[in-house]
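Here are my notes for your next pass over this model. Have the coordinates open while you read.

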Amino acid sequence: MSSPAVLRSLQTVVPETVLHQNEVRDVFAAQPELSRLARRIVSTSFDGSGIDTRRTVLGELTLADTGADPVFFDRSTGTLLSPATGVRNDIYVREARRLFVAAARAALDADPEIGPADVTHVITVSCTGFHAPGPEYEIVRALGLSDAVQRFHLGFMGCYASMPALRAASQFCAADPDAVVLVVSVELCTLHLRSSEDPDVIVASSLFADGAAAGIVTARPSAVPGLRLDRFHTAIAPEGEKDMAWTIGDHGFEMILSPRVPQVIGETIVAALRPLYAEELSAPFEDGAIGEHVRHWAIHPGGRSILDRVQDRLGLSDAQLHPARETLRTNGNMSSATVLFVLRRILEEEGAQDGDRVSAMAFGPGLTAESALMTVVGAEGDGR
């Protein structure tokens with residue numbers, strides 16, 4: 001029987017431009033076409049987001065004078081512009097390529113036992129743009145990987161997509177004990193921000209940000225700390241199909257993010273998680289019981305209200321939700337990359353120790369909940 005796969009050498013990369021939530025709120029609220037009601041929704045959404053700062057590849061979105069011709073934001077008038085989807089995707093192609101390569105390189109550089117020649121598979125993840133040859137091709141070329149590397153791209157799946165990417169990587173390692181899988185997620189959500197009176201669009205504009213993350217999955221014996229990938233599970237909320245969706249419009253990709261999402265997640269999360277623990281618990285856990293069995297929780301911070309609902313239904317402590325809330329506060333919702341940011345924070349900043357259990361969960365269109373049970377291996381935390 002082959003050894004279980006381990007996610008290791010997790011690295012994150014963010015663009016240089018920082019957006020301060022209060023400044024972005026004021027810009028969105030000042031748009032001349034907004035009604036008084038829409039302005040109130042802007043203020044409520046931005047102020048209640050749990051976010052202080054976000055990152056973007058669009059330097060022109062700051063209040064500083066970049067000297068460039070405006071494409072997204074006319075600083076002289078304070079007006080948000082509405083470039084066509086093709087314009088937005090052209091920027092994605094340029095900027096995402098750079099971040100995919102940077103994140104992949106960072107993961108390899110962080111691993112003392114794995115080099116470019118060892119990589120057998122590359123899995124890339126993104127839902128915020130398209131191009132071909134795709135990012136997995138760019139990584140192979142830029143990092144000097146073998147042309148024989150198996151390449152896969154998971155596109156347009158939404159915020160949960162890094163979880164099936166990790167599951168696929170684990171399955172590759174189960175089939176080949178020598179496999180080394182490079183998993184890279186890049187999301188440039190701010191390319192699709194736009195002014196609107198639609199409450200769903202306003203909420204999305206208050207949450208989404210840009211970021212990249214990468215890690216190595218392998219079953220090769222190692223002393224490198226990481227997360228053993230024990231089990232995965234997929235669940236679909238029966239009533240959530242219309243509450244979260246991601247479509248392509250003429251002026252960017254359009255997010256449907258219903259106010260019902262936290263409620264739907266709250267109603268389904270216990271049943272969605274129960275299969276992960278069926279082999280370990282003597283009796284099925286109910287609301288508020290699972291937090292006692294798993295120390296660390298990597299919940300995708302889709303928004304503050306989602307984290308509040310998850311914490312309440314699962315009976316999690318403030319400490320258990322700290323890595324998710326801190327990721328949200330400092331980086332916003334970076335779609336599929338976000339849960340990898342949370343996992344890295346758990347490994348490096350939350351006192352994770354060898355043998356600790358980690359429960360990871362991300363939500364996306366469908367409404368789909370992807371979850372995983374992991375175990376910390378090789379880490380020596382501070383015992384918190």
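1. Ground rules. This is a predicted model, with local features needing pLDDT of at least 70 and side-chain atom pairs counting only at pLDDT 80 or more, while totals for chains, interfaces and linings use all residues. Residues are numbered from 1 along each chain as its sequence is written, and side-chain values use heavy atoms, leaving out hydrogens and water.

2. The largest pocket holds about 420 Å³ of space. (A pocket here is an open set of points on a 1 Å grid over the protein atoms alone, where a 1.4 Å probe fits, with protein on both sides within 12 Å along at least five of seven lines; lining residues have an atom within 4 Å of a point. The volume is the space filled by probe spheres set on the points, joined across faces, edges and corners.) Of its 26 lining residues, Val203, Leu207, Leu257, Pro262 and Ser305 lie nearest the centre. α6 gives the largest share of the lining, five residues. α2, α6, β12, α7 and α8 each supply at least two. (Helices are DSSP runs of H or I with at least four residues, strands are E runs of at least two, numbered from the N terminus.)

3. Helix α7. Its 17 residues (261-277) should span 24 Å at 1.5 Å a residue, and the end C-alpha atoms are 24 Å apart, which agrees. (The expected span is 1.5 Å times one less than the number of residues.) Still, α7 bends by about 45° at Thr268. (That is the angle between axes fitted to the seven residues ending there and the seven starting there.) Pro262 is among the buried residues of α7, as are Ile265, Ile269 and Leu273. (Buried means under 20% relative accessible area, exposed over 50%, partly exposed in between, with a 1.4 Å probe and protein chains only.)

4. The annotated site. UniProt, in an unreviewed entry, places "active site" at Cys159. Cys159 sits in the loop between β7 and α5 and is buried, at 7% relative accessible area.

5. Positive phi. Ser9, in strand β1, has a positive phi of about 55° and is buried at 10%.

6. Cis bonds. Most peptide bonds are trans. Ala132 and Pro133 are joined by a cis one, with omega about 0°; Gly366 and Leu367 are too, at about -5°. Leu367 is in the loop between β14 and β15.

Note on methods: UniProt positions are given in the numbering used here, feature names are shortened, and annotations may be inferred rather than shown by experiment.
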